[in-house]
Amino acid sequence: MEPQLLHSVADSVATVVIHHPAKRNAMTAAMWRALPPLLGTLAADRAVRALVLTGEGGTFCAGADISTLQGSPQEAQGLAVAAEEALAAFPKPTLAAVRGHCVGGGSQLAAACDLRFAEEGSLFGVTPAKLGIVYPASSTRRLVSLVGPATTKYLLFSGELIDAERALRTGLVDEVLPEGELGKRVGEFTRILASRSQLTQAAAKEFADGCVDRDAHWSEQARGSGDAAEGVAAFLERRQPRFTWSVPDRG
């Protein structure tokens, strides 16, 4: 099978799989280009309430396919940044499910997700210093927001890999699961995400990501949504709420 991004939707959760096992799921130029339109399609699907990004087999993503850097490293980096920004802008909760190596461009993609769950034994690294590449400013700022300036400098200055336990301590990942339990935990947690109010999630995502001057917008959305009334009624009636607000189609 050619290197590609596979996707499926089940139980309101979209799963995107980085599929290039011959090169530890390294991203080719075509794969970088394919990610933004795929995310646009999934964002517009009202059946999708959350998204999981993962890699085929026992590796998340070993970064960019180095052969794609031989022509124009700047162009290749531009493709990676465009894909990263499209992932960060996805309007519903996103979760990176990491096994094995999550390196270079793989770490860019994982950092662009809202949450990161990793299996024990996973390794993380940001490696442009090994290639003499200037890491993008936007990607650097996103990494700083996750792990702080000191750990960002450690990762970028050295290009060294850190294990899942250190990634957890520094805030790069949110949960570390024993071997064989990642899939089960991701399934459980995304079912929780899919059951919650999309209104709450969408507003929280914008606020947490630093959006300003959107208070009035979200107050208006809340007044017209009916989600709060449904949530209170469901609590009092001891049943699961049926939230109806959904992310508007941007198309």
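The legends below describe close-up views of a predicted model.

Because the model is predicted, local features need pLDDT of at least 70 and side-chain atom pairs count only at pLDDT 80 or more, whereas totals for chains, interfaces and linings use all residues. Residues are numbered from 1 along each chain as its sequence is written, and side-chain values use heavy atoms, with hydrogens and water left out.

View 1. An open sheet is formed by 6 strands in the order S1-S2-S3-S4-S6-S9, with mixed pairing; strands (E, at least two residues) and helices (H or I, at least four) are DSSP runs numbered from the N terminus, and two strands pair if DSSP finds at least two bridges between them. S1 and strand S9 (175-177) stand at the edges with a single partner strand each, so one side of each has no neighbour in the sheet. From one strand to the next, the twist averages 20 degrees. Helix H1 packs on the sheet, where it touches S1, S2 and S3, and its direction makes about 15 degrees with that of S1; contact means heavy atoms within 4.5 Å, while axes are lines fitted to C-alpha atoms, for helices over the stretch in contact, with angles from 0 to 180 degrees between N-to-C directions.

View 2. Strand S1 (residues 4-10) pairs with S2 in the antiparallel sense over 7 bridges, and Ala10 has Val13 in S2 as its bridge partner. The hairpin of S1 and S2 has 2 residues between the strands, and Asp11 takes a positive phi near 55 degrees there. Strand S6 (residues 115-119) and S9, by contrast, run parallel and are joined by 3 bridges, with Ala118 standing opposite Val176 in S9.

**View 3. The largest nonpolar core and a second, separate one.** A nonpolar core is a set of buried Ala, Val, Leu, Ile, Met, Phe, Trp, Tyr and Cys residues joined through side-chain atoms within 4.5 Å; buried means under 20% relative accessible area, exposed over 50% and partly exposed in between, with a 1.4 Å probe and protein chains only. Among the 43 residues of the largest core, Leu51, Leu53 and Phe124 touch the most other members. The elements that give two or more residues to this core include strand S2 (13-19), helix H1 (29-44), strand S3 (50-55) and helix H4 (137-158), and the largest share, 7 residues, comes from H1. A second, separate core has 11 residues, including Val13, Ala50, Phe117 and Phe189.

**View 4. Phe124 and Leu172.** Leaving aside residues up to four places away in sequence, Phe124 touches a set of residues that includes Val98, Cys102, Ala118, Leu161, Ile162 and Leu172. Leu172 has its place in the loop between H5 and S9 and is buried, with a relative accessible area of 7%.

**View 5. Helix H2 and what covers it.** H2 has 16 residues and spans 22 Å from its first C-alpha to its last, close to the 22 Å expected at 1.5 Å a residue, where the expected span is 1.5 Å times one less than the number of residues. The buried residues of H2 are Ala76, Leu79, Ala80, Val81, Ala83, Glu84, Leu87 and Ala88. Their cover includes H1, S3, S4, H3, H4 and helix H7 (198-208).

**View 6. Two loop residues with positive phi.** Arg24 lies in the loop between S2 and H1 and has a positive phi of about 50 degrees although it is not a glycine. Asn25 is found in the loop between S2 and H1, and it too is a non-glycine residue with a positive phi, of about 60 degrees. Arg24 is partly exposed, with a relative accessible area of 43%, whereas Asn25 is buried at 1%.

View 7. With a disulfide taken as a pair of cysteine sulfur atoms within 2.5 Å, the count comes to 0 disulfides. For Cys61, the nearest cysteine sulfur is that of Cys102, 7.3 Å away, and Cys61 counts as buried at 0% relative accessibility. For Cys211, the nearest cysteine sulfur is that of Cys113, 17 Å away, and Cys211 is partly exposed, with a relative accessible area of 37%.
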